[in-house]
2 protein chains.
Amino acid sequence: MDHLHQSFSVRFTYTVFFTSQLFKKANSLLSDFFRQQSTNDVQKKLLFVIDSGVIDAHPDLQSDISTYFAQHTDIVEFIPDLLIIPGGETAKNEPVFVEKIVDAVDKYGIDRHSYIVAIGGGSILDLVGYAAAISHRGIRHVRIPTTVLSQNDSGVGVKNGVNYRGKKNFLGTFVPPVAVFNDSAFLATLDDRDWRSGIAEAVKVALIKDASFFNWIEANAQALATRDSVAMDYLIHRCAQMHLDHISGGDPFEMGSSRPLDFGHWSAHKLEQLTNFELRHGEAVAIGIAMDSLYSHQLGWLTEPDTNRILATLRTLGFSLYQPMLDANDSTGVLKGLAEFREHLGGQLTIMLLEAIGKGVEVHEMNPDLIRQAIATLKAQEQQAQLV
Amino acid sequence: MDHLHQSFSVRFTYTVFFTSQLFKKANSLLSDFFRQQSTNDVQKKLLFVIDSGVIDAHPDLQSDISTYFAQHTDIVEFIPDLLIIPGGETAKNEPVFVEKIVDAVDKYGIDRHSYIVAIGGGSILDLVGYAAAISHRGIRHVRIPTTVLSQNDSGVGVKNGVNYRGKKNFLGTFVPPVAVFNDSAFLATLDDRDWRSGIAEAVKVALIKDASFFNWIEANAQALATRDSVAMDYLIHRCAQMHLDHISGGDPFEMGSSRPLDFGHWSAHKLEQLTNFELRHGEAVAIGIAMDSLYSHQLGWLTEPDTNRILATLRTLGFSLYQPMLDANDSTGVLKGLAEFREHLGGQLTIMLLEAIGKGVEVHEMNPDLIRQAIATLKAQEQQAQLV
């Protein structure tokens, strides 16, 4: 009579679809999905939340969506009031947007078997996933990522979250979407910075897990930089697959302490914050990758030629590998990100470094002097490039 | 290349311990638990959130806790600033309390491998579980339920949540605790209403799942009403076990639409709200059970003798089975709770009724006239009882 033991498993499944022009009448992928999900007992509702940047780039999107679902009133009850929310970090910084979505859930009676569909970049997906996760203990959510970064990485994963008092992802949950629709047509209207930014996550995953993928990126860096859509489609598909495999093969809700896909991220999170999110996430990750590659080389792990290949590939992709905030005073600068990163991960500090291209290895401490040395190297290379 | 399929399972385990005087020096249950959980890599922190009502009833509790962990600084880092929060529905109604906990997580650097320990009634546990679930995508939480209701039902389950704009549990998640400690010493200081209130959930689960347990409650109703602690210990243990079995044997995160443990609850939720939570949850559930038992009898399912046994047992336990708000105008009254209940569950309306004692059966609609008839019967019985 002194204790009872509880134990159960919960199964999560979802599909990541690849398509183009999802809301064109002739494209039945989305309506087929909802038809398969429908049950006889009740009409399911569909609430859309859309990134204002996507609306600006695709002025017909709202009417396309309305027209699409006007054909399918037998499958779902489409809520015609589309919520438009400013994209980017603003969406995650302002608590009013979580409230706006939760209020719509209340107003339109969106229940746990209805859907909230998010269209936008990673920030909007994170915000909507979070608002859906906490409403009625979890409303189903569908993600339609519109950026490279969200299509190949965050959008196909299981995390959501918002910032709290400026702290990135301080509030959030692990809840998978019920489906992800990667529509390549959205990528065409991205500006060059957003197009490029998402490639950093592919470089990251290739460097720690798959040398052949890095070789491919290196060989196609110029094509990717000049917006070759075939190369980009391949990169997104392969990177999304690796991301899904990592989740299902590991610790999906990160109950342990390792997060081996996080190469280059400890400094990137801090750099984004230090630049008031002027730096895109992928731009900060590119710098973080460069820093931690140099650091790995300084430890004697990564060879000099391989280190140079990494830096050169990042530069060919168009990334700048130095940012003045890297030089900020230690107590306010990037080094402070180490402690914050540990706290956010929970438990012991775990940082991924490179033993070789394609082979990440975890360490549990970093030497501040070596970090400063890596920063100095990036700064010197940047100055040299400007002199040439 | 048109889609990728993702699929994984996540395993959740936790233990419900039964003890008395958890924070007395000689009781090593809690320190043993944390010792087993400890890992070499990092000191784990312990943040306590305590129901102010529990502090009032146990003036030594705060110093007992501090003294207890002063012995165990090798195992955990105890945060001496205990958060005290008013118990009852207030805790769930005011967003400021979620904020207070999240701010403490930030201030004390509580990471995902540290613990938030909640001591209190169901509302405090729901609040703390929610704040823990959304902080850093889920900080481990330990529950120390102090009421009958939370020890035998909600406290051992996987739900948490707070109210939003007055709507009960509108925000919440499904996240199991890492451990539950049921300390019977807390029950001794409960007032009679709280002692009794928790018994309603045991009656509920017995009626829909286990006739022999109902027979036991019927036979021990007088002892339970007069605060026999041996009878109460048995009731809590058996009810907690049934609750755990229901979760692990079914749909732990309620992704489907059935919730067969919810007998008597559709009206109870609404009654609590209509009485501004003057009525305790268990008191409302007792009325809900009486109503839906009468309704089941009116359908010709439950026999008259069995219906009377249920009503008599509830009255012997000390419950009043009528509340004037039952008679409120339909559009503002209890019947409105049917629609709200469906919306909160999601999908089709599913209501549990009784085919017999120990045998629940689900229906998907209810007849308002029969509901009114059940209310009229309860009102007449109440008036008759007052005349006698």
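Axes are lines fitted to C-alpha atoms, for helices over the stretch in contact, with angles from 0 to 180 degrees between N-to-C directions. Helices (H or I, at least four residues) and strands (E, at least two) are DSSP runs, numbered from the N terminus.

This is a predicted model, in which local features need pLDDT of at least 70 and side-chain atom pairs count only at pLDDT 80 or more, while totals for chains, interfaces and linings use all residues. Residues are numbered from 1 along each chain as its sequence is written, chains are lettered from A and ligands numbered from 1 in the order in which they are written, and side-chain values use heavy atoms, with hydrogens and water left out.

## Helix pairs

Two packed helices are described by the angle between their axes and the distance between the axes.

| Helix pair | Axes come within | Crossing angle |
|---|---|---|
| H9(B) (residues 199–209) and H10(B) | 7 Å | roughly 150° |
| H10(B) (residues 211–225) and H14(B) (residues 304–316) | 8 Å | roughly 25° |
| H13(A) (residues 281–298) and H16(A) (residues 368–387) | 9 Å | roughly 120° |

For orientation, angles under 35 degrees count as roughly parallel, over 145 as roughly antiparallel, 65 to 115 as roughly perpendicular and the rest as oblique. A crossing is left-handed if the near helix is turned anticlockwise from the far one by less than a right angle, and right-handed if clockwise. Contact means heavy atoms within 4.5 Å. For residue classes, Ala, Val, Leu, Ile, Met, Phe, Trp, Tyr, Cys and Pro count as nonpolar, Asp, Glu, Lys and Arg as charged, and the others, Gly among them, as polar.

H9(B) and H10(B) are roughly antiparallel to each other, and H9(B) passes H10(B) in a left-handed crossing. On the H9(B) side the contact is made by Ile199(B), Ala202(B), Val203(B), Val205(B), Ala206(B), Leu207(B) and Lys209(B), and on the H10(B) side by Ala211(B), Phe213(B), Phe214(B), Ile217(B) and Leu224(B). By class, this contact has eleven nonpolar, no polar and one charged residues.

H10(B) is also paired with H14(B), to which it is roughly parallel. The crossing of H10(B) with H14(B) is left-handed. From H10(B), the residues in contact are Phe214(B), Asn215(B), Ile217(B), Glu218(B), Ala221(B), Gln222(B) and Ala225(B); from H14(B), they are Arg309(B), Ile310(B), Thr313(B) and Thr316(B). Five nonpolar, four polar and two charged residues make up the contact of H10(B) with H14(B).

In chain A, H13(A) and H16(A) are oblique to each other, and H13(A) passes H16(A) in a right-handed crossing. Ile287(A), Ala290(A), Met291(A), Leu294(A), Tyr295(A) and Gln298(A) of H13(A) meet Leu370(A), Ile371(A), Gln373(A), Ala374(A), Ile375(A), Thr377(A) and Leu378(A) of H16(A). The classes in this contact are ten nonpolar, three polar and no charged residues.

## Nonpolar cores

A nonpolar core is a set of buried Ala, Val, Leu, Ile, Met, Phe, Trp, Tyr and Cys residues joined through side-chain atoms within 4.5 Å. Buried means under 20% relative accessible area, exposed over 50% and partly exposed in between (1.4 Å probe, protein chains only).

The largest nonpolar core has 160 residues, and those with the most contacts inside it are Phe213(A), Ile217(A), Leu235(A), Phe213(B), Ile217(B) and Leu235(B). Leaving aside neighbours within four places in sequence, Leu235(B) is in contact with Asn152(B), Ile199(B), Ala202(B), Phe213(B), Trp216(B), Ile217(B) and Leu224(B). Another core, of 58 residues, lies apart from the largest one and includes Ala91(A), Tyr108(B), Ile124(B) and Ile139(B).

## Individual residues

Most residues other than glycine have a negative phi. Asn169(A), not a glycine, has a positive phi of about 55°; Asn169(A) lies in strand E8 (residues 167–171) of chain A and is buried at 9% relative accessibility. In chain B, phi of Asn169(B) is positive and near 55°. Asn169(B) is in strand E8 (residues 167–171) of chain B and is buried, with a relative accessible area of 10%.

Gly129(A), in helix H6 (residues 122–134) of chain A, is buried at 0% relative accessibility. Beyond neighbours within four places in sequence, Gly129(A) is in contact with His141(A) and Asn160(A).

His113(A) is in the loop between helix H5 (95–107) and strand E5 (115–120) of chain A and is buried at 5% relative accessibility. His113(A) and Ser38(A) are 75 residues apart in sequence and 9.6 Å apart in space, C-alpha to C-alpha.
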